[in-house]
Amino acid sequence: MFRGRSTCHLYTQPVSVAEREDVRIGVVGATGAVGRVTLELLRERGHELVRAFASTRSAGTRLGDLIVEEATPEALSAGDLDVCLFSVGAPASRELVPHAVRGGALCIDKSSAFRLGEGVPLVVPEVNGERASEHSGILANPNCCSIPLAMVLAPLRDAVGLRSVRVATYQSAAGAGSQAMQRLRDEPVDEHDLRMDWDFDGVELDEESKIRAETQKILELPDLPVSATCVRVPVLVGHAEALWVETEEPLEPEQARLLLGEAPGLRLEQFPSPRDATGLDEVLVGRIRKDHSAESGLALFFACDNLRKGAALNAIQIVELLLRSRAAA
Ligand code: 2RA
């Protein structure tokens, strides 16, 4: 059953004090929904030399014991940061990341600006962590739906090969930022509705084409057919996805359950829900069953905290992976 390739069983635990000593980390976009979770996780994981950066409007804001600094090209290129974690939109990343690289910082960018760039590793540590060391100053964090999708697909790819992927997303307000979360809190319940608040990329939403291109890049299957339908649901935090995957060789649901239960970063649950996934590091996977519309098909459902593993945590794990390799060298 196993085809040789194996997903990357790299540690996702925090690095030890010795490994992270003296690493100066800048969090750019620190006042946004992902930036705040990034700061919280860095603190929880014991990183101490952390500075917060944001736009002119947010400069001076107090976040715990940090005062937010303005993310100017001068500040980011000053040469006093070893790592920069960017959670700003793609246009701001395109403008600011090169300055931080110039200043000598390793940049992990969470926007779509560099994800498909030649020579930019697009990394999910549990899936293709070995690619992280191939960077030239910039690494990209995949989209918050592509990360858990790749984590679920990689063990199936390794075991039986993938023929095609269909996915429907149920994305929370948190994916659209803290203002969207506040709008949802303020909205009367009977006005809640589904939304599709992304831009078009031809006939698809750009979120849908990103999921295809990123999944193909992460899994190193450039011709894998991937079709996505993305929807924003009135849920505060946590993205869920329904997946229909056709495999090259048949795989019984029970075998899939065993494979996914052993895969790093995944946790089996009978009914994965965004609410249950919120605050967790793992992706919750369940409803694993035969897809009767395909010759060798599986259907399943998963949910993940889009602010943590879908964004902030994945980026920190990339940094910790590189710190660990540096310490081991
Ligand atoms: C969303 N993928 O949920 C995005 C996160 N920026 O809309």
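# Reading strands, core and domains

Visitor: Where do I start with strand pairing: which residue stands opposite Leu-298 in β16?

Guide: Val-245 stands opposite Leu-298 in β16. Bear in mind that this is a predicted model. Strands count as paired once at least two bridges link them. Here β13 and β16 run antiparallel and are joined by eight bridges.

Visitor: How many bridges join β15 to β16?

Guide: Five, and these strands also run antiparallel. In this pair, Val-285 is the residue opposite Phe-302.

Visitor: Now the whole sheet. In what order do its strands lie?

Guide: Read across the sheet, strand by strand. The order is β12-β9-β13-β16-β15-β14. The sheet is open, has six strands and is mixed in its pairing. An edge strand pairs on one side only, and here the edges are β12 (226-232) and β14 (266-268). On average, neighbouring strands are turned by 25° against each other, ignoring direction.

Visitor: In which sense do β9 and β12 pair?

Guide: Parallel. Seven bridges link β9 (residues 162-171) with β12. One place to look is Val-167, which has Ala-228 of β12 opposite.

Visitor: Which helices pack on the sheet?

Guide: Take the contacts, then the angle. Helix α6 (residues 146-160) touches β9, β13 (239-247), β14, β15 (283-290) and β16 (297-304). Its direction makes about 20° with that of β13. Helix α8 (residues 206-219) also packs on the sheet, touching β9 and β12. The direction of α8 makes about 135° with that of β12.

Visitor: Is Phe-302 buried or exposed?

Guide: Count neighbours. The cut-off for buried is 20 or more other C-beta atoms within 10 Å. Phe-302 has 27, so it is buried. This residue lies in strand β16. Six of the eight residues of β16 are buried, so the strand is largely enclosed by the rest of the structure.

Visitor: What does Phe-302 touch?

Guide: Set aside residues up to four places away in sequence. Phe-302 then touches Pro-148, Val-152, Ala-240, Glu-241, Leu-243, Pro-272, Val-283, Leu-284 and Val-285. As for Ile-288, 14 residues from Phe-302 along the chain, the two C-alpha atoms are 9.5 Å apart.

Visitor: Which residues have the most contacts inside the largest nonpolar core?

Guide: Val-28, Cys-84, Ala-150, Met-151, Val-152, Leu-153 and Phe-302. That core has 99 residues. Both domain 1 (17-142 + 311-328) and domain 2 (146-306) contribute residues, so the core lies between them. Consider Val-28. With residues up to four places away in sequence left out, its partners are Phe-53, Ala-71, Cys-84, Leu-85, Phe-86, Val-88 and Leu-96.

Visitor: How far apart are the C-alpha centres of domain 1 and domain 2?

Guide: They lie 25 Å apart. Next, look at who makes the contact. Domain 1 gives 14 residues and domain 2 gives 18 residues. On the domain 1 side, α5 (125-128) and α11 (308-328) each supply at least two residues.

Visitor: Which residues should I check for a positive phi?

Guide: Start from the general rule. Most residues other than glycine have a negative phi. Glu-220 has a positive value, near 55°. Its place is in the loop between α8 and β12. With 12 C-beta neighbours inside 10 Å, Glu-220 counts as exposed. Arg-287 is also not a glycine, and its phi is positive at about 50°. Arg-287 sits in strand β15. It has 15 other C-beta atoms within 10 Å, so it is partly exposed.

Visitor: Step back to the whole protein. How many helices and strands are there?

Guide: There are 11 helices and 16 strands. Along the principal axes, the C-alpha atoms fill a box of roughly 55 × 55 × 35 Å.

Visitor: What share of the residues is buried?

Guide: Of the 329 residues, 48% are buried. Then check sequence separation. Among contacts between residues at least 6 apart in sequence, 71% join residues at least 24 apart.

Notes: Residues numbered from 1 in each chain as written. Predicted model: local features only at pLDDT ≥ 70, side-chain atom pairs only at ≥ 80, totals over all residues. Core = buried A, V, L, I, M, F, W, Y, C linked by C-beta atoms within 7 Å. Domains from an automatic or database assignment. Contact = placed C-beta atoms within 7 Å. Helix = DSSP H or I, 4+ residues; strand = E, 2+ residues; numbered from the N terminus. Axes fitted to C-alpha atoms, helices over the stretch in contact; angles between N-to-C directions.
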